[in-house]
Structure formats: C-alpha cells, structure tokens
Amino acid sequence: MRLSSSVFASFCLLIELLGIALFLRGFFPVPVKSSLSSKSKLSDLPAEPFAGNSPNLSKVPLPLFKRVVIILIDALREDFIFGPNGKRFMPYTRHIVERGSSHSFIAKARPPTVTMPRIKALTTGSIPGFIDVVMNLNSPALLEDNLIWQAKNSGKKIIFYGDDTWVRLFPKHFMEYDGTTSFFVSDYTEVDNNVTRHLDSTLKRDDWDVLILHYLGLDHIGHISGPHSSLIGPKLLEMDDVIKKIHASLISREAEGTLPNLIVLCSDHGMSETGSHGGSSEPEINTPLILISPIFQRKVGLEQPAVVEQVDLAPTLALALALPISQNSVGHLILAVFEEASLREQLRFLHINGHQLSSLLRDSNPNFHKEDGYEQFRMAEKAHGNWMKLYMEGNVSEVLGNMGKKLLKQYLEALQAMSVALSKQLGKYDMYSMIVGMSLILQVLVHLLLAMPEALSRAACVDVPMASVFLSLPFYLLCLLGSSIHVLVCTSAEASCYFCSLPWLLAFTAILFSSALLCSLVAMAARYVSIPGSPQPKTSSDWTLSELDILLLTGTAGHTLSLGASSFVEEEHQTWYFLLNTLCLAVFQDVCRKYFRERRRPEDDPLLPSIVEEDASQVTFSPVAELGVSVGSEKWLALATPILTLACCRLLRSLNQTGVQWAHLPDLSHWLNSGDHKVVLSLLATLSLLLIFLLVQRRCSLVSKIALALGLLGVYSYRAAVGNVLFPWQHSGRSISKGTGEARFVYIFILGILFTGVKDLLRSQVMSSAVEGRRLKSRGLWEVYSGVVLLVALLFRAHNLPTLACCLLIQTLMAQFIWKKLHYDAAQTTIMHYWFGQAFFYFQGNSNNIATVDISVGFVGLESYVEAPAVFLTAFSTYAGPLLWACHLVCYLSSERDRAALSLGHGSYCFALLRSIPAVFYVVLVTTLRYHLFIWSVFSPKLLYEAMHTLVTAAVCLFFTFMDQDRT
C-alpha cells in the first residue's frame with residue numbers, strides 16, 4: 001500500500017497518540033488505598049493496649065471542639081502571613097499568631113499543587129495521583145473515605161460557601177451551600193463577595209457544626225498579575241477582616257462549660273513567582289496552617305512555625321471531632337492540638353492513628369514487617385500496654401509521667417516513619433498497560449526511521465506492506481501469542497490493569513493491529529537486508545551531509561539525550577537557546593560562503609533568484625517585490641539576518657525568566673508590569689502591534705487587511721480595558737473591567753479572516769486553472785495564518801506582544817533572505833522551523849513546570865466558565881510558539897514553485913520524526929526512572945507536556961496532509 005509522506009506521517013502520529021494515552025493511563029498510578037471497600041467506623045477503633053487481662057478500654061474518645069470553621073484561602077503563601085509583609089497586610093491574623101491562643105505551622109503540599117488534588121489531600125489525608133491535574137477541570141464525586149463523609153455520617157451539620165469543586169467532590173454532603181466557579185480567573189471580587197455575604201447570618205445561627213469557606217480571589221489575582229501585584233495587599237486585608245469577624249463572633253458566643261470552638265486557617269497550595277501553581281517550588285508547596293481556639297495557650301511572641309505535611313490535618317481534625325480517621329490517610333497527628341488533653345488521652349489518640357497507619361501499610365505493602373516504622377509502632381504499643389497497667393493500678397509517681405512522655409516520643413517517631421513509608425509508595429504502576437503503550441510507540445518510531453529513504457525521496461511516497469502482512473503466517477502466530485499473553489496476564493494479575501479492563505473485542509483488535517505493525521516493520525526492514533542474487537532497492541547511500549545537516553542532526557540527538565538528566569529537564573530552555581544560537585552562527589557562515597567566497601562563472605545562473613525573470617503567475621517570496629529592497633542590498637540584509645535573529649533572541653531571553661533555578665530572578669516582564677512603568681508597556685505594546693500589522697498584511701486581501709487592522713486595535717483596547725496598558729485619553733481613575741466586549745469584538749475579526757482563508761482554500765481545490773488554484777491556495781493559507789496571529793495577539797499578555805512581533809520579524813527575514821537564497825531543502829527548513837518553535841515556546845515564559853501554564857487566557861471574552869473553549873484557548877496560547885512556526889512552514893513550503901507538494905510531504909514527515917524521537921525516548925526513560933527521587937516533581941510534568949506536544953504535532957501534520965491532498 002503506497003501512501004504519501006504526509007499521510008504516512010499523520011497515521012504514525014495518530015497511532016503514537018493511542019500508545020502514549022495507554023502508557024499515561026498505566027504510568028500515573030492509583031494512590032495507595034486500603035483493600036477494604038467500606039469506610040471507617042467508630043466501632044472499628046482499637047482498644048487501648050493493656051498488659052495482661054484487658055478490661056473494657058475501647059470507649060470512643062470525646063471530642064475536643066464543639067464547632068469548627070475552616071477558612072481556606074486559595075493560593076495563600078506562608079510568607080503572606082509569616083513574612084515581612086504579614087503585619088502590614090494581615091495585621092489581625094499576625095497578632096493572633098504572635099500573641100493569641102493559636103498554633104502556627106507551615107504545611108507542605110505535595111505536587112501537583114492544583115486545587116482538586118489538594119482538597120482531596122486535606123479531606124482524606126491521602127496523596128492524590130498526579131493524573132488528578134487533568135481531572136482538576138472536571139472533578140467527579142469523591143467516593144473514597146474522607147473527613148466530610150465521616151462528619152456527615154456522625155450527624156454533624158455542614159455548611160459550605162466558595163469554590164464549587166467542593167460541591168462536585170461532595171454532592172449531598174452539605175446542609176447548605178453556595179458554590180462559585182473556580183476557573184473564571186478574571187473575577188477576583190464577586191467570587192469572594194459571594195462567600196462573605198453569607199457570614200453575618202450564618203455566624204448568628206446555632207444549627208451547624210462545621211462551616212467551610214473557600215476564598216478564590218487571591219488565587220485569581222495571582223493568575224492575572226502575580227504575587228507582587230498591587231492587588232495582593234487589598235485582598236489580604238479583606239481576608240484579614242473576614243478572619244477577624246469570624247474570630248470575634250465565635251468568642252462572643254462561647255458559653256461557660258461548653259466545648260470551645262476551633263478556627264482552621266489554611267490553603268490548598270501556594271503561588272509561584274509568576275502567580276501560578278502546579279509545580280514543586282518552595283512558594284508553591286509552603287502554605288500556612290493556623291489553628292485558633294481558646295483551649296490553646298497564649299503565645300508570647302512570634303515563633304518559628306513548625307513544618308508539617310498537609311495530609312496531617314485530616315487525622316488531626318478527625319480525632320479532635322471524635323470521628324474515625326479515613327482509611328487511606330497517610331498523615332499523622334499534630335500533637336500540639338491535643339496539648340491540653342491528659343497524657344492518657346494523648347497516648348490513646350496516637351495509638352488510634354498508629355493502628356490506622358499500620359493497617360494501611362499491611363494492605364499496601366507485602367513487606368510491611370520490614371518497615372522500621374511498623375516495628376517501632378509494635379514496640380511502642382507493647383510499652384503502652386505496660387504503661388496502661390501501671391496507670392490502672394493507680395500509680396501516680398513521677399516515673400509513670402516520664403515513661404508516658406518517652407512513650408509519646410516513641411509513638412511520634414513510629415507514626416512519622418510509617419507516614420513516610422506510605423507516602424513513598426504513592427501507588428502501583430500498571431506495568432502491562434505501560435508496556436503495551438510503549439511497544440506501540442516504539443514500533444511507530446522504527447517505522448518512521450525505516451521509511452526515511454522513501455519518505456524523503458523525489459516521489460515522497462512510502463510503500464507500507466500491509467496487504468501482504470495480513471496473509472502471512474507470522475502475523476497469525478503473533479496474534480495467537482499476543483492473545484495468549486493477554487489472557488495469561490489478565491487472569492493472573494493481582495492488581496487491576498486498565499488494558500485488561502477494556503472489552504475483549506477491543507483488546508483483541510489492538511493485539512491484531514500491533515501484530516500487523518510488527519510484521520510490517522519486519523517486512524520493511526527486510527528490504528535493506530542484503531541477500532545475494534536478489535535485486536537491491538534504491539537506497540539513500542548517495543546522500544551527502546552538509547555541515548548544517550550534521551549540526552541539525554547532532555543538535556536534535558543531543559537534546560533528546562539531555563532529557564535523561566533532571567537538571568536538563570528543568571532548564572530545557574537553555575538547551576534550545578544554545579542550539580538556536582549555534583544555528584544562527586552556522587547560517588551566518590553559510591551566508592558568508594554564499595555571497596563572499598563562492599566564485600561564479602558568467603554563464604551561471606544569477607546569484608539572486610529574485611532578479612530572474614519569472615512567470616508572474618507563480619507565487620513566490622520576492623524581497624524586491626514585497627519589501628521594496630534593492631537588489632544590491634539583498635546580500636547585506638542576508639548577512640544581517642542571523643545577527644538580528646541573535647539580537648532578538650537575546651532580548652527575548654531577558655523578557656521572561658523561566659525554568660527552575662533562575663525563575664525567581666527579576667526580568668523585563670516584571671519591570672514592565674509594575675504600575676510605575678505602564679506608560680512604557682503601553683508604548684511597547686503599540687509598537688509591537690504596528691510591526692505585527694506591517695509584517696502580516698503584505699499578502700492579505702484588502703478585506704483581510706482592514707479586518708486585521710481593526711482586530712489589532714481591538715487587542716489594544718482589550719488590554720486597556722483590563723488595566724494592562726493605557727489609552728492616551730484614559731483617566732487614571734477609570735475602573736478595570738473584564739474586557740469581555742472588546743475581546744468578542746476581536747473574535748469577530750478572527751473568525752472573519754479565518755473564514756476568508758478557508759473559503760479561498762476550498763475554492764483552490766475546484767479551480768480548473770492550476771495557476772489560479774495555486775494563487776488562491778497561497779493567499780488562503782496566508783489568511784489562515786493571519787487569523788492565527790491575531791488570535792495569539794489577543795491571548796498573549798501585553799508584555800509578551802514583543803515576543804510575537806520578534807517571531808514574525810524573524811520568520812519574514814529568514815524566509816526572504818536565508819531559506820530561499822541559500823537553497824535549503826524542505827527537510828532542513830522543517831528542522832529549523834521546529835527548533836525555532838521550541839525556542840519560542842520558552843520565550844513565551846513557558847517551562848516544563850505545570851505552574852507556568854497561564855489559565856487566565858482560557859477566559860478571554862467569556863462571562864463564565866465554559867470548559868471546551870477554555871481548554872482550547874489555554875492549550876492554544878501555551879503552544880502558540882510551535883504553532884506559529886508550523887503554520888509559517890506550511891505557507892512557506894506551499895509557495896515553492898514546482899515542488900510545493902513534494903516539500904509539504906517532506907515537511908510533514910520530518911515534523912512527525914522530530915516529535916517521535918524525543919517522545920519515545922522520554923517514555924522509555926520515565927519507565928526506567930519510575931522510582932527516581934524526582935519522578936513526580938520533574939519527570940512527570942514533562943511527560944504530560946510531551947503528550948500534549950505530540951497531540952499538537954498530530955494536528956499540524958493533519959493540516960499538512962490536507963494541504964497536500966492535490967497529489968495523487
């Protein structure tokens with residue numbers, strides 16, 4: 001079966017996507033859970049240890065608090081309270097911490113630091129799986145044993161106001177609730193007012209036991225303008241007033257002889273230096289945990305907060321409210337909360353916690369008896385029994401007290417050791433699904449490599465021997481072997497396996513397909529095996545590699561190998577910056593060799609193709625025609641292009657600090673976004689938009705030029721409406737709006753330009769004249785590209801508009817003076833576009849950390865959260881750099897005279913190969929390093945980025961295929 005290179009590349013990437021999806025499903029483990037399907041019950045609590053004949057010591061501990069108010073301020077960093085600005089922005093809270101009856105801690109959140117997994121950790125005490133990052137957008141009901149269910153089951157009345165993630169996780173659990181949308185980040189005022197407006201009436205009522213408040217405004221401000229924004233201070237003061245109001249109300253309603261109330265001030269995660277979250281940097285994982293109650297001793301000054309794990313709150317609150325600890329909790333008690341309880345009660349609480357942890361350890365680890373914590377707990381439990389015997393005999397000596405304190409220390413050490421052991425497990429990998437997925441993508445990569453001579457040939461076609469494969473004996477033997485292995489694994493596996501859970505028909509279809517791929521691979525490889533007396537196929541032995549080819553191949557291979565080191569993954573942008581600088585120097589050398597070292601004979605073709613008399617009907621890039629450049633100055637502009645590219649790249653590196661090691665350092669974006677430099681930012685945005693218009697409009701129709709101009713004006717108006725830049729006539733006191741109207745105004749022009757471009761592309765397919773068809777196709781592609789540029793301009797923040805302008809400037813100069821003049825082939829041009837796209841991904845401020853994903857762009861022009869457009873806009877903005885360079889590549893290759901179809905096929909194949917090599921290498925790598933120390937903080941986020949990048953590349957290759965469909 002003969003396929004064009006573009007069709008072959010698209011098929012390969014689609015199969016690779018299926019393999020990666022299956023691998024991801026197996027790689028991201030299911031969190032550690034008890035084997036018991038039922039939830040914990042008070043009747044399951046263990047009896048107090050007792051040496052000898054045990055009396056009835058299994059009574060349930062009494063609650064320590066009457067009411068609990070949980071105030072969760074989303075994205076509240078610990079330095080917002082404990083830092084130098086704490087007294088300024090949260091004076092009342094800081095006073096409670098320093099002089100009040102409280103306990104203060106720094107609670108460490110485990111990555112991924114996004115809301116839904118953190119709420120799970122706070123309520124279940126377990127560590128959610130990393131794949132919960134994906135589930136964060138659509139949280140299903142939480143069926144796992146948790147604190148909210150236990151409270152409701154015990155008859156406690158719970159009221160909730162705030163982030164509607166709680167409502168989705170705990171449906172029918174709240175006596176009363178009012179949820180607010182968490183993903184509409186443009187709103188940081190109403191989202192909190194909708195919570196606070198219920199406080200006065202609720203605090204006066206006596207019909208509730210637990211009140212949960214989840215404030216989102218601070219998190220939304222962080223996404224919009226970062227942790228150093230002028231909006232942060234007023235929002236923290238607002239939260240401080242809320243805490244003051246709640247504390248004063250609870251104190252005034254304290255009655256003599258009743259249990260005290262408890263206020264829990266906490267956060268789900270922190271906030272990075274860019275205002276986002278999701279990663280593992282210190283500002284993201286360090287959150288404040290402040291417990292306020294009259295039962296606690298008053299403080300005499302600011303003490304260094306102790307460090308606890310975020311999961312420790314769940315078992316602590318459970319026992320403080322006389323509730324069972326959730327079965328899957330890996331946290332241990334915060335003993336300071338129980339400081340006023342008797343020594344016997346404290347030991348009882350620790351024993352209950354230890355019994356729960358040891359039971360979970362037995363269920364999840366076959367070698368539990370080898371764990372130090374388990375052995376320590378058994379020894380402490382035995383010593384506890386001896387202590388209880390002396391206590392029950394009425395011994396009140398000082399020795400008994402010392403024994404009890406020593407026992408407390410033993411228990412705490414055992415609990416901490418078991419908690420660490422359980423946290424390290426995280427879950428169990430689904431190795432069968434991982435292996436099946438990995439085998440699929442490995443076969444795809446080998447197919448791509450074996451097809452290289454044919455895919456890059458003049459025919460640009462690949463002969464895939466699928467028909468003969470289905471009639472071969474090895475295919476049926478492989479099917480039988482694969483089916484046998486599948487049945488054996490699925491019937492004997494102790495752990496659940498996703499691939500085994502698929503319907504048998506679907507699973508066997510996958511096995512048949514994988515067997516066919518393997519047989520096809522062997523058949524293709526057999527063509528290159530030398531058999532005496534058999535005719536040899538034409539190979540690529542006559543290929544010669546230039547210096548630039550060696551650089552491109554070495555750079556691609558070097559980057560792939562660098563992914564094996566965690567530091568190179570964290571700072572991957574440095575690799576691409578280095579490769580891009582090296583590429584510019586190599587191109588500069590080629591330019592010098594072309595214009596200043598080569599001697600031309602008079603009878604040779606002219607050095608500059610632009611001065612050759614050409615058919616006016618042919619569509620091509622011409623500096624003379626398009627930029628008004630004189631023939632004599634072309635070589636000097638060609639010489640200046642690599643240097644100017646280097647200068648632009650150096651400027652863009654300073655615009656956005658990214659990565660991990662130096663992300664905290666100040667950069668130009670911070671300087672521009674500060675309130676003192678809004679005028680400079682406004683001028684820079686204006687100049688960038690003007691340059692964008694000049695570079696894009698040159699090949700558009702008149703209607704598209706007008707739409708583009710109005711659209712870019714709308715972009716500036718939108719940024720002015722949301723307060724990023726200034727209008728010359730704008731009053732400084734003008735209130736900031738959401739800019740919804742202005743954004744929708746721009747969307748109209750984007751859709752208009754895209755519609756015009758698509759219309760021309762469709763018309764080009766039915767034109768009887770080939771010349772007119774090429775002209776329409778070229779114009780249609782450029783107008784689609786213009787629409788993409790306008791959408792990127794709308795989504796990019798104001799300080800990133802120079803990034804877009806520099807991208808377009810480099811594309812124009814390279815197309816006019818480098819790729820065309822130096823006669824680079826389609827493969828070389830494609831690799832260069834890929835490199836530039838990767839570099840601009842990081843120039844935008846992206847990294848391999850989830851925290852750098854700017855989710856605020858998903859709500860540009862939206863009044864409320866709508867999942868589909870929000871996800872699309874966020875993904876589009878994140879991968880704007882690679883997409884812009886891919887779109888430009890299609891426009892450029894389609895403009896090449898006489899070999900546009902050939903170039904598109906070569907470009908599509910190269911794109912697929914460039915994406916498959918690092919993706920396959922990285923999948924194999926993370927399988928090997930799945931127990932690495934940094935697997936969840938460094939390698940796993942990068943794996944998600946690789947999967948998403950493969951999806952984007954598959955979409956690009958499908959577009960290549962559509963543009964290449966005029967080939968037969």
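Which residues touch the most other members of the largest nonpolar core? They are Phe27 and Leu583, in a core of 164 residues. A nonpolar core here is a set of buried Ala, Val, Leu, Ile, Met, Phe, Trp, Tyr and Cys residues joined through side-chain atoms within 4.5 Å. Buried means under 20% relative accessible area, exposed means over 50%, and partly exposed is in between, with a 1.4 Å probe and protein chains only.

Before going on, a word on the model. It is predicted, so local features need pLDDT of at least 70 and side-chain atom pairs count only at pLDDT 80 or more, while totals for chains, interfaces and linings use all residues. Residues are numbered from 1 along each chain as its sequence is written, and side-chain values use heavy atoms, with hydrogens and water left out.

Helix 39 (residues 935-963) supplies its largest share, 14 residues. Leu583 is in contact (heavy atoms within 4.5 Å) with Leu548, Leu551, Leu552, Met832, Trp835 and Phe836, leaving aside neighbours within four places in sequence. Another core, of 70 residues, lies apart from this one, and Met116, Leu317, Ala320 and Trp387 are among its members.

Now zoom out. The protein has 39 helices and twelve strands, which are DSSP runs numbered from the N terminus (H or I, at least four residues, for helices; E, at least two, for strands). Of its 968 residues, 58% count as buried. Among contacts between residues at least 6 apart in sequence, 78% join residues at least 24 apart.

For a helix pair, look at helix 31 (residues 702-721) and helix 32 (residues 740-766), which pack at about 155° with their axes 8 Å apart. Axes are lines fitted to C-alpha atoms, for helices over the stretch in contact, and angles run from 0 to 180 degrees between N-to-C directions. That angle makes helix 31 roughly antiparallel to helix 32, a label for angles over 145 degrees. From helix 31, residues including Leu708, Gly711, Val715 and Tyr718 take part in the contact, and helix 32 brings residues including Phe745, Phe749 and Ile753.

Is Arg653 buried or partly exposed? It counts as partly exposed, because its relative accessibility is 30%. Not counting residues up to four places away in sequence, Arg653 touches Gln574, Tyr577, Asn581 and Phe843. Arg653 and Asp667 are 14 residues apart in sequence, and their C-alpha atoms are 9.1 Å apart in space.

Conventions: Parallel < 35°, antiparallel > 145°, perpendicular 65-115°, else oblique.
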